[in-house]
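User: I'm new to this one. Can you walk me through it?
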Amino acid sequence: MKRMIALGFEGSANKIGVGVVTLDGTILSNPRHTYITPPGQGFLPRETAQHHLQHVLPLVKSALETAKITPDEIDCLCYTKGPGMGAPLQVSAVVIRVLSQLWKKPIVAVNHCVAHIEMGRIVTGADDPVVLYVSGGNTQVIAYSEGRYRIFGETIDIAVGNCLDRFARVLQLSNDPAPGYNIEQLAKKGEQFIDLPYVVKGMDVSFSGILSFIEATTEEKLKNNECTPADLCYSLQETVFAMLVEITERAMAHCDKKDILIVGGVGCNERLQEMMRIMCSERGGMLYATDDRYCIDNGAMIAYTGLLAFAYGETTPLEESTFTQRFRTDEVHAIWRDKKELASVTGIDEPGDKIEENQGSGSVLMVVPGSFSHCVCLYGKQERKLREWSKLWVVELPDVTSEIESNTHPLNRLSMESGNQCNVYLDYTVVQNFAEVIHVPVKIMLLMKECSSMTVVDECDSKAAGSCDYVP
Ligand SMILES: [Zn+2]
């Protein structure tokens, strides 16, 4: 079989990278170039975009040369659609459109955060971990459930990397190779712990107050010889990393997962890895982390994630190959993970089998062939609009009546909290009625525990597809 190859572009922040990968995760090339500003300065969108424009084409050339491939061999072109800074994102989006038309290759738009996760999973072999995604622009605790990477906790203001970078500016540390790296080195020399605000709010964290505090007090503390810059770097790292460990541990307990994967630029920090490793081993789990080749933004992670989606039939039409500064991790339907799970399900029988005896003992999968745009369902007394439909809709009913009534099933709470997602909990009769009302052919399947067998329990066919308002 011919190997599938993707060319991927990353340019959402101060790095422009072009990578070539195959579907098994082999990186054939992954060159990148970083825009480095003088000490005390951050990077601004316009200058960063100019930097990317200047380097992107030489990078494409070198990526193809190192990978020893020609454009003919490429199956799809992947790029970061978002999140990130607008002007730098635009560079990849424009280049990809041109190349797509020039080489007649399909486009796949990729979410930057999801790409970090998939790169981390393939590099470390972590199968289903709780993910801590920490970088200059993002701080999120994520776990996969029901087709999406759900966010369990996150920063309510600035990212942890941004907090560290901006403190590096206060100390006038170099931005080469990265401000966070230089804080980490200096922190190793810290001897005294300085008390800083510790801000965890439920599952979320906040860093802007800590930054304001340390920005406002640093000059005086250093002038009075109360502490050294190294002490401050050490104390800042200990404080903000402890906050991250706390919310990650809580997410692990909530999802009942043992392993952690750290991704994103701050994920290279060895002290953060050490603290996470201790917590993880106390819970009998493993910490998976990558080094700076993978956890810092690069083109290969975009190429690999795009190729996963492409392999399951997803492409982005030219007119939709836009970019966006705001693009949340849980907006992406991780179709490749769904399919993997479905592929392990065997033994699909004919309709009409064993409904009574199996009801309540497993979960019900409702598979909707095709998709439709608008539908209103009722969950208890709460109306939920399902704006986004996927081809596969999973309704999980571990205990049909009691848990629905009492609203205690954890996935139930998840979907309540996360807004407009597709999980809806209905009892079997409702599912059956629903199938008739939505006017699309529906197969209701009973998925036995352990996912070992799947039985088609009913099939409803109807002619007209369309929207509906449904009241049980
Ligand atoms: Zn990143």
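Predicted model: local features only at pLDDT ≥ 70, side-chain atom pairs only at ≥ 80, totals over all residues.

User: How many residues of strand S6 are buried?
Analyst: 5 of the 5, residues 107–111, so S6 is largely enclosed by the rest of the structure. Buried means 20 or more other C-beta atoms within 10 Å of the residue's own; exposed means 12 or fewer, partly exposed is in between, and C-beta atoms are placed from the backbone. Strands (E, at least two residues) and helices (H or I, at least four) are DSSP runs, numbered from the N terminus.

User: Which residues sit on each side of S6?
Analyst: Ile107, Ala109 and Asn111 are on one side, Val108 and Val110 on the other. In a regular strand, side chains alternate between the two faces of the sheet.

User: In which sense does S5 pair with S6?
Analyst: Parallel, over 5 bridges. Pairing needs at least two DSSP bridges between the strands. Gly82 is opposite Asn111 of S6. From S5 the chain runs through helix H2 (residues 86–103) to S6, a right-handed β-α-β crossover. Right-handed means that, with the strands pointing away from the viewer, the path from the first strand over the helix to the second is clockwise.

User: Where is the cis bond at Gly82?
Analyst: Between Gly82 and Pro83, with omega about -5°. Pro83 is in the loop between S5 and H2. Asp176 to Pro177 is also a cis peptide bond, omega near -5°. Most peptide bonds are trans.

User: New topic. Where does UniProt put "binding site"?
Analyst: Its unreviewed entry lists positions including Ser135 and Asp165. UniProt positions use the numbering here, feature names are shortened, and annotations may be inferred rather than shown by experiment.

User: Is Ser135 buried or exposed?
Analyst: Ser135 has 26 other C-beta atoms within 10 Å, so it is buried. Ser135 lies in the loop between S7 and S8.

User: And what does Asp165 touch?
Analyst: Gly42, Gly136, Pro179 and Gly180, leaving out residues up to four places away in sequence. Contact means C-beta atoms, placed from the backbone, within 7 Å. Asp165 is in helix H4.

User: What is the phi of Lys104?
Analyst: About 55°, positive although Lys104 is not a glycine. Lys104 is exposed, with 9 other C-beta atoms within 10 Å.

Technical notes:
Residues numbered from 1 in each chain as written. Contact = placed C-beta atoms within 7 Å.
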